[in-house]
Amino acid sequence: MGDSTETVSVNGQDNVIPLKGMYQNYFLDYASYVILERAVPGIDDGLKPVQRRIMHAMKEMDDGRFHKVANIIGQTMQYHPHGDAAIGDALVNLGQKDLMIDTQGNWGDVRTGDSAAAPRYIEARLTKFALDVAFNNQTTRWQLSYDGRKKEPVALPMKFPLLLAQSADGIAVGLSTKILPHNFIELIKASIKILEGKTVKIYPDFQTGGSIDVTDYNGGKRGGKVKVRATIEQVDKKNLAIRELPYGVTSTNLIDSILKANDKGKIKIKKVVDNTAKDVELMIELAPGVSPDLTIDALYAFTRCEESISPNACVIIQDKPHFLTVEEILETSTANTKELLRQELEIQKAELEEKMHFASLEKIFIENRIYHKIEECETWEAVIETIDRELKKYVVGPSEKAKPSDKRLHLLRDVTEEDIVRLTEIKIKRISKFNSFKADELIAKLEESLLEVKHHLAHLTEYAIDYFQRLLDKYGKGRERRTKLTTFDTIERTVVVANNAKLYVNRKEGFIGSGIKKEEFVSDCSDIDDIITFRQDGKFQVSRIADKTFVGKDIIHVDVWKKGDDRTTYNMAYVDGKTGRTYVKRFNVTAITRDREYDMTKGTKGSKLLYFSANPNGEAEIVTLQLSQGSKAKKKIFDFDFGELAIKGRGSQGNILTRYPVRKITLKEVGKSTLGAMKIWMDSVSGRLNTDERGIFLGAFDTGDHLMAIYKDGSYEVLELDLNKKFDTKEVEAIIKFDPDTVINAVYYEGAKGWTMVKRFQIETNKLNQRFPFLTEHRSTKLLYASINENPKVKYSYRMKNEKFEEEVVIADFIDVKGWKAIGNKLIDAKVTKVTEIGGAKPKPKAEQSEKLKAGDSIDFDVENNGQTKLF
């Protein structure tokens, strides 16, 4: 097949042009056009062509008053070769940035996604800031518009890092750009630091507030990413409020994602109400019995309350796209600002020199009455020659080699014919009213201004720093950072997802799933959990939960599996089919390939599982072995402690327990954890328990140990240790490892009698995970102080008859330990305004706990903070 051709008629004759390669050229031309003229901003002024043309058109229209947006669009179309819709959208986008354009009317809302009113209904004008930093005809480079009728700027003389302040987003052919907005004040301060020769780091800041994790920002370059989150507040136990949105997410988008997650069962809520007006407020009502803390984490995990954004800072430099970091962009912008300031100073210097030059000539021309010398001149040439000759008697130019003794006035430049012509144009009225003193004063002021400009040029860096500082002082108010810089905890989706499914098992037939509801119930779970199953044949596997999944017959254990779980330990004994020996082993399952079978035995034919147990905290039990009656062993019944075994990998064969046939193995005694006590910390900001040494150390917890929390509402609670637990730091007065011998000291106001009471008590209740109020039930009753320190001494203040009193009391001397329901002893018959602990011994940890703490570990109590454990 031959090459395709195109026939083109030129001057009445048909010319045949081959099409080979034509599409390649057309594509490159189109790609270059889109990159340079539409999608990617220029580095010089930080604007795309349409934005630059809008700004230029608004400057030409500027008279200090608002203009109809429809009129601005029409003016811009003189420069922009596209439709009014594209210009209108770009103008609205600029206006919503709230930096370069003052708006009037309904310009939409970036928070809710509401669009702006029609262009004929809304108005705009340039801000004073824009007029200060973006325009100067004398330093602007110009080019012809697309139709050759008008001149438009190649780039605006922008003396501010506008690109980083406003952000940019565009998709071109073969590349894209995404530059996030940064804080106005921080950009100016960073520019000043750059001029001072310091290294800077800048991070995004958004109009919508929220919080951001910039750990992987990478300077806004390709490959980096940031995570942004909404600000979620717990109003009460049943309601959450979202008051700040993540960047790029509208309230409508966010509500849709929340409802979608609820429909899928990822979270459990009753309803979402949008109360957004002047400020954003989305109220979320939770379903009964749902934890607000877990719901907050689930909202971040399953809705658009958390977004990941991948920046890609691409800009046009000398008609070519370049990928830079935001710091490099800022350095370029700062250098460009400094150069523009230099150009402005050079122009100002030239203007002042010109004014001084002519002011000096004018003074000499009038004072020495040179104008009288031209009265007898008959031609124009004679007039010019006469004035020139007479001026040389009083002035000397740089080109003339004047002697040092020459007393003539030394001019900044030579006198030209244009200067002489200007002298002839001086009006008689000005000559008659000429004041020599005022002329000298004017020349002195011009000379002073010129010296100042020369000083600025000689100290250009300091001048640029002063310029940025003036911008900050003049326009920085109200532009403080809105987005909080923080580091987000990684939220495990399987941990925070609502239990929207139930796990069932048919052990005999080998089925598991959430749809076989007639079978044995195992536990609540979520639809994204992994399930681990162990079988009698010594094999196990992990599968994603489904309605019904076959995993093999004779299931002996099934549970929800968590990746990386190195605490759950499996103890087992099996007989090897080849040798007949019985092996014992302990192992964890921390990582697997989903749906793959793993053999816990040596894998030989005839191998059989004899004993198996799953232990969530590495417990090691004692078992009793009974050997077969026909074995030659002298001792046919004996005990074995799994605590003697080390925990190894799932593929290890284990240790030989006996060479004789085993009849059966039975549990004799439940053991404690062999992994050692688990050290627990609590994050003092989020209130979440963790083992990552983050926050306040609470203690080392072994099997059976519990937490005790004292709340500011006057209640206490003994809790099972659950690493998924998250405490509200605003509600908790103190939290420690529970010890039944601990004495709680409390000072409270008794609302019914109007007295301040003191009580000391120990925990007598046995129920776990239930709050018990230890104060009276009157609505005015209030806890003033609580401490677990031994024998605390407190200072308390109160007012009586408009006088302020301060007294001290040693609580252990004032009252003995009584029951937890006792009212206590009266301290005074008035309300104490302040209680401060001023002394007291810290509680000593238990001996067994002390032995497990390493050097440097401590249980920290704050005597000066009302005596409670130092948490917040």
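1. Let us begin with Ser-167. Setting aside neighbours within four places in sequence, Ser-167 touches Lys-97, Leu-162, Ile-179, Leu-180, Pro-181 and Tyr-247. Please keep in mind throughout that this is a predicted model. Ser-167 sits in the loop between helix 6 (162-166) and strand 8 (168-171). Is Ser-167 buried or exposed? Its relative accessibility is 11%, so Ser-167 counts as buried, the cut-off being under 20%. If you look for Ser-436 from here, its C-alpha is 57 Å from that of Ser-167, and 269 residues separate the two in sequence.

2. Another loop residue to look at is Gly-552, found between strand 27 (549-550) and strand 28 (555-561). With a relative accessibility of 8%, Gly-552 counts as buried. Beyond its neighbours within four places in sequence, Gly-552 is in contact with Gly-510 and Arg-535. Thr-533 is 19 residues from Gly-552 in sequence, and the C-alpha atoms of Gly-552 and Thr-533 are 8.9 Å apart.

3. Gln-318 is not a glycine, yet its phi is positive, at about 50°. This residue belongs to the loop between strand 17 (314-317) and strand 18 (320-323). Gln-318 counts as exposed, with 74% relative accessibility. Asn-791 also has a positive phi without being a glycine, and the value is near 50°. Asn-791 lies in strand 48 (residues 790-800), and its relative accessible area of 38% makes Asn-791 partly exposed.

4. Now to helix 2, which covers residues 49-61. The helix has 13 residues, and the distance from its first C-alpha to its last is 18 Å, close to the 18 Å expected at 1.5 Å a residue. How many of the 13 residues of helix 2 are buried? The count is 11, so helix 2 is largely enclosed by the rest of the structure. The buried set consists of Pro-49, Val-50, Gln-51, Arg-52, Arg-53, Ile-54, Met-55, His-56, Ala-57, Met-58 and Met-61. Arg-52 and Arg-53 are thus among the buried residues of helix 2, and both count as charged.

5. Helix 2 also packs against helix 4 (residues 84-96): their axes come within 10 Å and cross at roughly 80°. The two helices are therefore roughly perpendicular to each other. On the helix 2 side, the contact is made by Val-50, Gln-51, Ile-54 and Met-58. Helix 4 brings Ile-87, Ala-90, Leu-91, Asn-93 and Leu-94 to it. Sorted by class, the contact of helix 2 with helix 4 has seven nonpolar residues, two polar ones and no charged ones.

6. A further crossing joins helix 7 (residues 184-195) and helix 10, whose axes are 10 Å apart at an angle of about 75°. That angle makes helix 7 roughly perpendicular to helix 10. Here Leu-187, Ala-190, Ser-191, Ile-194 and Leu-195 of helix 7 meet Leu-330, Glu-331, Thr-334 and Lys-338 of helix 10. The contact of helix 7 with helix 10 holds five nonpolar, two polar and two charged residues.

7. Helix 10 (residues 326-367) has another partner in helix 14 (residues 436-458), with an angle of about 160° and axes 9 Å apart. How are helix 10 and helix 14 oriented to each other? They are roughly antiparallel, because the angle between them is over 145 degrees. By class, the residues in the contact of helix 10 with helix 14 comprise 10 nonpolar, five polar and 10 charged. The crossing of helix 10 past helix 14 is left-handed.

8. Finally, a look at helix 14 by itself. Helix 14 has 23 residues and spans 33 Å from first C-alpha to last, close to the 33 Å expected at 1.5 Å a residue. Its buried residues include Ala-439, Ile-443, Leu-446, Leu-450, Val-453 and His-456. Which helices are included in what covers the buried residues of helix 14? Among them are helix 10 and helix 15 (460-475).

Technical notes:
Residues are numbered from 1 along each chain as its sequence is written. This is a predicted model: local features need pLDDT of at least 70, side-chain atom pairs count only at pLDDT 80 or more; totals for chains, interfaces and linings use all residues. Side-chain values use heavy atoms; hydrogens and water are left out. Axes are lines fitted to C-alpha atoms, for helices over the stretch in contact, and angles run from 0 to 180 degrees between N-to-C directions. Helices (H or I, at least four residues) and strands (E, at least two) are DSSP runs, numbered from the N terminus. Angles under 35 degrees count as roughly parallel, over 145 as roughly antiparallel, 65 to 115 as roughly perpendicular and the rest as oblique. A crossing is left-handed if the near helix is turned anticlockwise from the far one by less than a right angle, and right-handed if clockwise. Buried means under 20% relative accessible area, exposed over 50%, partly exposed in between (1.4 Å probe, protein chains only). The expected span of a helix is 1.5 Å times one less than its number of residues. Contact means heavy atoms within 4.5 Å.
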